Amino acid sequence: MIILMVPCLSDAETIDVQIKGIDDGIKTSKGQDYMEAVFFAKREAIERAGVKIKSLTTVQDRMLNSDYIESKAEGVILPGYNILDIGYTEDGTYQVVLVGKIATAAL
């Protein structure tokens with residue numbers, strides 16, 4: 001498996017990230033809120049590595065017919081990242097901070 005990944009990452013750029021992750025603010029359980037905050041931080045880290053946006057809008061008779069927007073983020077969170085657990089804040093959200101490196105892929 002590692003041999004297959006090396007060619008994909010060989011021309012990748014590595015960037016350092018420090019991203020705050022928060023949950024949705026709806027308290028469920030500490031474990032669930034922590035996992036939501038970590039997922040949010042990972043998604044934000046990948047988006048920080050680079051996002052490609054494609055848009056297509058069609059207009060007919062000066063009226064909007066359709067509006068299509070697609071975004072695509074590509075990157076890999078490299079092993080060795082750390083999750084700093086902040087916990088619940090005054091506003092009731094659960095927060096974490098992800099610190100690590102992202103290998104970006106050519107979009």
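Select Arg-62, which lies in the loop between E2 and E3. Here helices (DSSP runs of H or I, at least four residues) and strands (DSSP runs of E, at least two) are numbered from the N terminus. The model is predicted, so local features need pLDDT of at least 70 and side-chain atom pairs count only at pLDDT 80 or more, while totals for chains, interfaces and linings use all residues. Residues are numbered from 1 along each chain as its sequence is written, and side-chain values use heavy atoms, with hydrogens and water left out.

**The loop and its hairpin**

Arg-62 has a positive phi of about 60° although it is not a glycine. At 81% relative accessibility, Arg-62 counts as exposed; the term exposed means over 50% relative accessible area, buried means under 20%, and partly exposed lies in between (1.4 Å probe, protein chains only). Next, select Asp-61, which is placed in the loop between E2 and E3. Asp-61 is not a glycine either, yet its phi is positive, at about 55°. Asp-61 is exposed, with a relative accessible area of 69%.

Now extend the selection to strand E2 (residues 51–60) and strand E3 (residues 63–73), which pair in the antiparallel sense over ten bridges. Two strands are said to pair if DSSP finds at least two bridges between them. The two strands form a hairpin with two residues between them.

**A nonpolar patch**

Select Val-51, Ile-53 and Ile-69, which make a nonpolar surface patch of about 310 Å². A patch is made of residues with over 30% relative accessible area and no salt bridge, with like charges joined within 9 Å and nonpolar side chains (Val, Leu, Ile, Met, Phe, Trp, Tyr) within 5 Å. A salt bridge is a side-chain nitrogen of Lys or Arg within 4 Å of a carboxyl oxygen of Asp or Glu. Accessible areas come from the Shrake-Rupley method with a 1.4 Å probe, and for residues only the protein chains shown count as cover. Ile-53 lies in strand E2 and counts as exposed at 61% relative accessibility.

**Strand E6 and its partners**

Move to strand E6 (residues 94–104), where nine of the eleven residues are buried. Select strand E1 (residues 13–22) as well: E1 and E6 pair in the antiparallel sense over ten bridges, and Val-17 has Gly-100 in E6 as its bridge partner. Strand E4 (residues 75–77) pairs with E6 in the antiparallel sense over three bridges; one of the bridges joins Ile-77 to Ile-102 in E6. Strand E5 (residues 82–88) runs antiparallel to E6, joined by six bridges, and Gly-87 stands opposite Gln-95 in E6. E5 and E6 form a hairpin with five residues between them, and Gly-92 in the turn has a positive phi of about 95°.

**Helix H2**

Select helix H2 (residues 30–49), whose 20 residues should span 28 Å at 1.5 Å a residue; the end C-alpha atoms are 29 Å apart, which agrees. The expected span is 1.5 Å times one less than the number of residues. Among the buried residues of H2 are Asp-33, Ala-37 and Val-38. What covers the buried residues of H2 includes E1, E3, E4, E5 and E6. Just after H2, Gly-50 takes a positive phi of about 150°.

**The whole protein**

Finally, show the whole protein, which has two helices and six strands. From the N terminus on, the elements run α-β-α-β-β-β-β-β. Of the 107 residues, 23% count as buried.

Definitions and conventions. Contact means heavy atoms within 4.5 Å.
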